[in-house]
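This briefing goes through one protein chain, topic by topic. Keep the sequence and the 3D view open while reading.

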Amino acid sequence: MRVGLDRGTGQLLIGWPHCLQSLVFILTSALESHVLARDLGSGALDLQDRNATPMRIMQIYALTAAAIRAHEPGYRLRAIQLVRYGADGAFAFLLKGIFYPRGHLGDYSLSEERDALLAANDNGFQIIGAAA
C-alpha cells in the first residue's frame, strides 16, 4: 500500500488519495523545474494561453498521458475526455484509468478503476474531484 504525506496539511495519505496528489504534482510541474528530477512534469503547461483548437486539445491529451505514464507507476490512464470548455478559458478533463495500490513496487496484481476530474485554467491544472 502506498503511503505519503499531504503536501498542504502534513496529514497521512494512504492509497488512492496519495496517487491523486502525485498526479497533481506531476501535471502541475513544468518540465525541468525540479533540480534533482529535470524530466519530471508535464509539457501540457506550455500550451496555456494558446488558442484551444482541436489540435491543441489533442496535444494536451498526449502530453498528459505521456507524463502520467512516465512518472506514476500506480496509475494507468485508459482515456481522457474533455468535459468542460468555454470562452472563459476554463477546461476540465476527466481522466479514466486503473489504480494499482502497489504499482510503485512493481506489483500489478491488485487493481481498481479510478477516475479523476482535472481542471485547467489560467492558474494551471489541478484535480478538482475524484470518482470511485
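**Leu-94 and the overall model**

Leu-94 lies in strand β4, which spans residues 91-99. The model is a predicted one, and the average pLDDT over the chain is 84. Two helices and six strands make up the secondary structure of the chain.

**Surroundings of Leu-94**

- Once neighbours within four places in sequence are set aside, the contacts of Leu-94 include Ala-79, Ile-80, Gln-81 and Val-83.
- Leu-94 also contacts Asp-115, Ala-116 and Leu-117.
- Arg-84 is 10 residues away from Leu-94 along the chain, and the C-alpha atoms of the two are 9.2 Å apart.

**Confidence**

- A pLDDT of at least 70 is reached by 88% of the residues.
- Strand β2, residues 12-14, has the highest confidence in the chain, with a mean of 94.
- Confidence is lowest in strand β6, residues 124-131, where the mean is 59.

**Layout of the chain**

- Starting at the N terminus, the order of elements is β-β-α-α-β-β-β-β.
- The chain has 132 residues, and 39% of them are buried.
- Taking contacts between residues at least 6 apart in sequence, 37% of them join residues at least 24 apart.

**Packing of the two helices**

- Two packed helices are described by the angle between their axes and by the distance between those axes.
- Helix α1 covers residues 16-27 and helix α2 covers residues 54-71; the two pack at an angle of about 125 degrees.
- The axes of α1 and α2 are 10 Å apart.
- The crossing of α1 past α2 is right-handed.
- On the α1 side, the contact is made by Leu-23, Ile-26 and Leu-27.
- On the α2 side, the contact is made by Thr-64, Ala-67, Ile-68 and His-71.
- By type, the residues of this contact are five nonpolar and two polar, with no charged residue.

- Cys-19 belongs to helix α1, and its relative accessible area of 0% makes Cys-19 buried.
- Beyond its neighbours within four places in sequence, Cys-19 contacts Arg-2, Glu-72, Gly-74, Tyr-75 and Phe-99.
- Val-3 is 16 residues from Cys-19 in sequence, with a C-alpha to C-alpha distance of 9.1 Å.
- Trp-16 is also in helix α1 and is buried, at a relative accessible area of 7%.
- Between Trp-16 and Val-3 there are 9.4 Å from C-alpha to C-alpha, and the two are 13 residues apart in sequence.
- Gln-21, another residue in helix α1, has a relative accessible area of 18% and so counts as buried, as the cut-off for burial is under 20%.
- With neighbours within four places in sequence left out, Gln-21 is in contact with Leu-5, Asp-6, Arg-7 and Leu-13.

- Val-24 is partly exposed, because its relative accessibility is 25% and burial requires a value under 20%.
- Leu-118 lies 94 residues from Val-24 in sequence, while their C-alpha atoms are 8.5 Å apart in space.

How values were computed. Residues numbered from 1 in each chain as written. Predicted model: local features only at pLDDT ≥ 70, side-chain atom pairs only at ≥ 80, totals over all residues. Heavy atoms only, no water. pLDDT = per-residue confidence, 0-100. Helix = DSSP H or I, 4+ residues; strand = E, 2+ residues; numbered from the N terminus. Axes fitted to C-alpha atoms, helices over the stretch in contact; angles between N-to-C directions. Left-handed = near helix turned anticlockwise from the far one by under 90°. Contact = heavy atoms within 4.5 Å. Nonpolar A, V, L, I, M, F, W, Y, C, P; charged D, E, K, R; others polar. Buried < 20%, exposed > 50% of the residue type's maximum accessible area, 1.4 Å probe, protein only.
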